[in-house]
Amino acid sequence: MNSSGFHLDFERPIIELEKKIAELGSQAESDGLDPDQEVQQLQSRAEKLREEIYSNLNAWQRVQISRHPDRPYALDYVERMLSDFTELHGDRFFGDDGAIIGGPARLDGESLMLIGIQSGRNLAERQKRNFGMPHPEGYRKARRLMAMAAKFKMPVLTMVDTSGAYPGVQAEERGQAEAIARNLYEMSHLPVPIVVAIIGQAFSGGAIGITVGDRILM
């Protein structure tokens with residue numbers, strides 16, 4: 001079941017079935033019964049129902065999934081996919097941007113440079129990550145890490161999930177448009193492979209700033 005208790009309208013049949021499974025397990029435990037067979041049947045039904053629903057989503061439902069508050073964020077993928085991740089900070093010009101995370105890591109023993117847009121699950125985390133809306137220094141940090149990847153001949157993996165670059169006056173004063181445009185140029189000339197994974201929302205220049213790649217996954 002979703003950790004926050006939030007669910008979309010078309011997910012309701014799955015949620016109701018999962019609640020029934022949980023209630024059955026709790027009741028059987030209190031009564032000292034063994035409900036394994038019935039629980040397994042319900043779990044099988046839930047899995048089949050989940051597959052049917054998610055394989056027949058319309059366009060708007062897919063957009064809703066990309067914005068789901070319980071969707072995995074970049075660091076969730078890092079934790080489950082990569083090893084030896086070392087987060088690097090700062091653009092060596094203005095400061096650090098919590099909305100963009102990055103650093104070297106390993107995937108199945110192979111070195112790569114990870115760059116991702118990160119949000120948060122509660123208000124404190126979201127404020128720290130600027131609600132997943134990068135500042136110019138975030139894009140410049142990403143460019144610095146890409147240059148490092150080129151120097152050490154490491155492929156680049158970017159994970160994109162943003163509603164857009166931060167539109168505030170301070171970001172414009174620090175060269176938001178220039179930072180994004182420079183990234184587009186540098187990524188199109190980078191001498192190492194770039195794989196881009198769209199893991200959530202991907203809107204406007206906020207996404208494009210780290211989305212030029214040899215392979216785009218969605």
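**Exercise 1. Determine which residue forms a salt bridge with Asp 76, and which parts of the chain the pair ties together.**

Step 1. In this predicted model, Asp 76 forms a salt bridge with Arg 121, the closest N and O atoms being 2.8 Å apart; a salt bridge here is a side-chain nitrogen of Lys or Arg within 4 Å of a carboxyl oxygen of Asp or Glu.

Step 2. Asp 76 lies in helix α4 (residues 74-81) and Arg 121 in the loop between β2 and α5 (123-128), so the pair ties together parts that are 45 residues apart in sequence. Helices (H or I, at least four residues) and strands (E, at least two) are DSSP runs, numbered from the N terminus.

Step 3. With a relative accessibility of 35%, Arg 121 counts as partly exposed, where buried means under 20% relative accessible area, exposed over 50% and partly exposed in between (1.4 Å probe, protein chains only).

Two notes on the basis of the values belong here. Residues are numbered from 1 along each chain as its sequence is written, and side-chain values use heavy atoms, with hydrogens and water left out. Because the model is predicted, local features need pLDDT of at least 70 and side-chain atom pairs count only at pLDDT 80 or more, whereas totals for chains, interfaces and linings use all residues.

**Exercise 2. Work out how strand β4 is paired, and whether its residues are largely buried or exposed.**

Step 1. Strand β3 (residues 156-162) runs parallel to β4 and is joined to it by 6 bridges, two strands being paired if DSSP finds at least two bridges between them. In this pairing Leu 157 stands opposite Val 195 of β4.

Step 2. Strand β5 (residues 215-217) also pairs with β4 in the parallel sense, over 3 bridges, and here Ala 197 stands opposite Leu 217 of β5.

Step 3. Of the 9 residues of strand β4 (residues 194-202), 7 are buried, so the strand is largely enclosed by the rest of the structure.

Step 4. For contrast in direction, strand β1 (residues 100-107) and β2 run antiparallel and are joined by 8 bridges, with Ile 117 in β2 as the bridge partner of Ile 100. These two strands form a hairpin with 2 residues between them, and Asp 108 in the turn has a positive phi of about 55°.

**Exercise 3. Identify which elements contribute to the largest nonpolar core, and what surrounds Ile 210.**

Step 1. The largest nonpolar core has 24 residues, and those with the most contacts inside it are Ile 115, Val 156 and Ile 210; such a core is a set of buried Ala, Val, Leu, Ile, Met, Phe, Trp, Tyr and Cys residues joined through side-chain atoms within 4.5 Å.

Step 2. Two or more residues of this core come from each of β2 (110-117), α6 (136-151), β3, α8 (176-189) and β4, and α6 gives the most, with 6 residues.

Step 3. Leaving aside neighbours within four places in sequence, Ile 210 is in contact (heavy atoms within 4.5 Å) with residues including Ile 115, Tyr 139, Met 146, Met 187 and Val 196.

Step 4. Apart from this core lies another, of 11 residues, among them Val 78, Leu 82, Leu 157 and Ile 199.

**Exercise 4. Describe the geometry of the aromatic pair and state which parts of the chain the pair ties together.**

Step 1. A search of the whole structure finds 1 aromatic pair. The ring centres of Phe 10 and Tyr 54 are 6.3 Å apart and their planes stand at 80°, so the pair is edge-to-face; rings of Phe, Tyr and Trp (its six-membered ring) pair if their centres lie within 6.5 Å, and planes under 30 degrees apart count as stacked, over 60 as edge-to-face and the rest as tilted.

Step 2. Phe 10 lies in the segment before α1 (12-31) and Tyr 54 in helix α2 (residues 36-54), so the pair ties together parts that are 44 residues apart in sequence.

Step 3. Phe 10 counts as buried at 13% relative accessibility, whereas Tyr 54 counts as partly exposed at 29%.
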